[in-house]
Amino acid sequence: MTIAETAFAKINLALHVRRRREDGYRELETLFAFVDGGDRLTAHSAERDSLVTVGEFGVALDSPFDNIVMKALSALPRPDGLEVTLEKNLPVAAGLGGGSADVGAIFRMVEQSHGLPDDWQARAAKLGADVPACIESRTCLGRGTGTELEPADGAMANTPVLLVNTRTPLATGPVFKAWDGIDRGPLPDGDTLRMTVEGRNDLEAPAISLCPPIAGVLAALRGTSPFLARMSGSGATCFALYDSNSARDEAAARLAADHPDWWQMRGNLR
């Protein structure tokens, strides 16, 4: 039997960096959302686990044995293995939770075929701060390092979204290091629409200082009249939200004509 799952692209509609924790990490407040497209994983039963990567960004991944997908498979006990093919459609080191989204898809695949262990949440958190949110792949609030999740309303569901990346990878560590350390306050109260519009991404400025083309992407997106354009996560992908699919599609066509070398993906929030 073949199992297939989409690893839905994660975006941070808002990302507020707060106080430094005793463990050295920063306290975060973020509004996770997921686009209805991303990487694609297919798998079938085998004697042992294996991974093949294909797709535009497949060559950017490390050795399959070091890949986070293989680590996820090793973290989930099963009576047999899975031969996994990962079609890598999302850019790597792009603020889209690509690796975490892939892990989320693996957890859902194993749940379908064998069920998950009782402590699956703890196993997920050990694989990455975004992994617990990516397993559900629904809009939610993340606190702590991002693993403490709270349900969110569906006010943003089906919102048209355009993702754009200059194909320049940007590692998370240096972006946090470049942050100025100023706590600019919590997420606003209200529904997810208000949190999104009145929120911010505190990593946007440090990311631009390390990767100036991000500013050009944001300017280009804002020139297409979205109701919001912002960077996702630690970058370098930016997103724009529109009032209609037609407005999003017109923006995508315009940016493709003006910047044919940029990666883009259009979709709707789940």
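Leaving aside neighbours within four places in sequence, Val 54 is in contact with Thr 85, Leu 86, Glu 87 and Lys 88. This briefing concerns a predicted model.

**Val 54**

- Val 54 belongs to strand β3, which covers residues 50-54.

**Pro 117**

- Pro 117 is located in the loop that lies between α2 and α3.
- Pro 117 has a relative accessible area of 16% and is therefore buried, as the limit for a buried residue is under 20%.
- Which residues does Pro 117 touch, not counting those up to four places away in sequence? They are Leu 76, Pro 77 and Arg 123.
- Pro 117 and Arg 254 are separated by 47 Å, C-alpha to C-alpha, and are 137 residues apart in sequence.

**Helix α2**

- Helix α2 runs over residues 98-113 and has 16 residues. From its first C-alpha to its last, α2 reaches 23 Å, which is close to the expected 22 Å at 1.5 Å a residue.
- An α-helix has 3.6 residues a turn, so residues three or four places apart point the same way.
- Is α2 mostly covered or mostly uncovered? The helix is mostly covered, with 12 of its 16 residues buried.
- Among the buried residues of α2 are Gly 98, Ser 100, Asp 102, Phe 107 and Arg 108.
- The partners against which the buried residues of α2 pack include the strands β1 (2-20), β2 (26-46) and β4 (81-87). Helices α1 (68-75), α3 (120-127) and α4 (131-136) are also among these partners.
- Gly 115 follows α2 and has a positive phi, near 85 degrees.

**The largest pocket**

- The largest pocket holds about 1,200 Å³ of space.
- Its lining consists of 50 residues. Nearest the centre of the pocket lie Ser 100, Ala 129, Asp 130, Thr 172 and Ser 234; Ser 100 is also one of the buried residues of α2.
- At least two lining residues each come from β1, β2, α1, α2, α3 and α5 (172-178).

**Aromatic rings**

- The structure contains 0 aromatic pairs.
- Arg 270 is positioned over the face of Phe 8, at 3.8 Å from the ring centre.

How values were computed. Residues numbered from 1 in each chain as written. Predicted model: local features only at pLDDT ≥ 70, side-chain atom pairs only at ≥ 80, totals over all residues. Heavy atoms only, no water. Helix = DSSP H or I, 4+ residues; strand = E, 2+ residues; numbered from the N terminus. Expected span 1.5 Å × (residues − 1). Buried < 20%, exposed > 50% of the residue type's maximum accessible area, 1.4 Å probe, protein only. Contact = heavy atoms within 4.5 Å. Phe/Tyr/Trp six-rings, centres within 6.5 Å; stacked < 30°, edge-to-face > 60°. Lys NZ or Arg CZ within 6 Å of the ring centre and 35° of its normal. 1 Å grid on protein atoms, 1.4 Å probe; cavity = no way out; pocket = protein on both sides within 12 Å on 5 of 7 lines; lining within 4 Å. Points joined across faces, edges and corners; volume = space filled by probe spheres on them.
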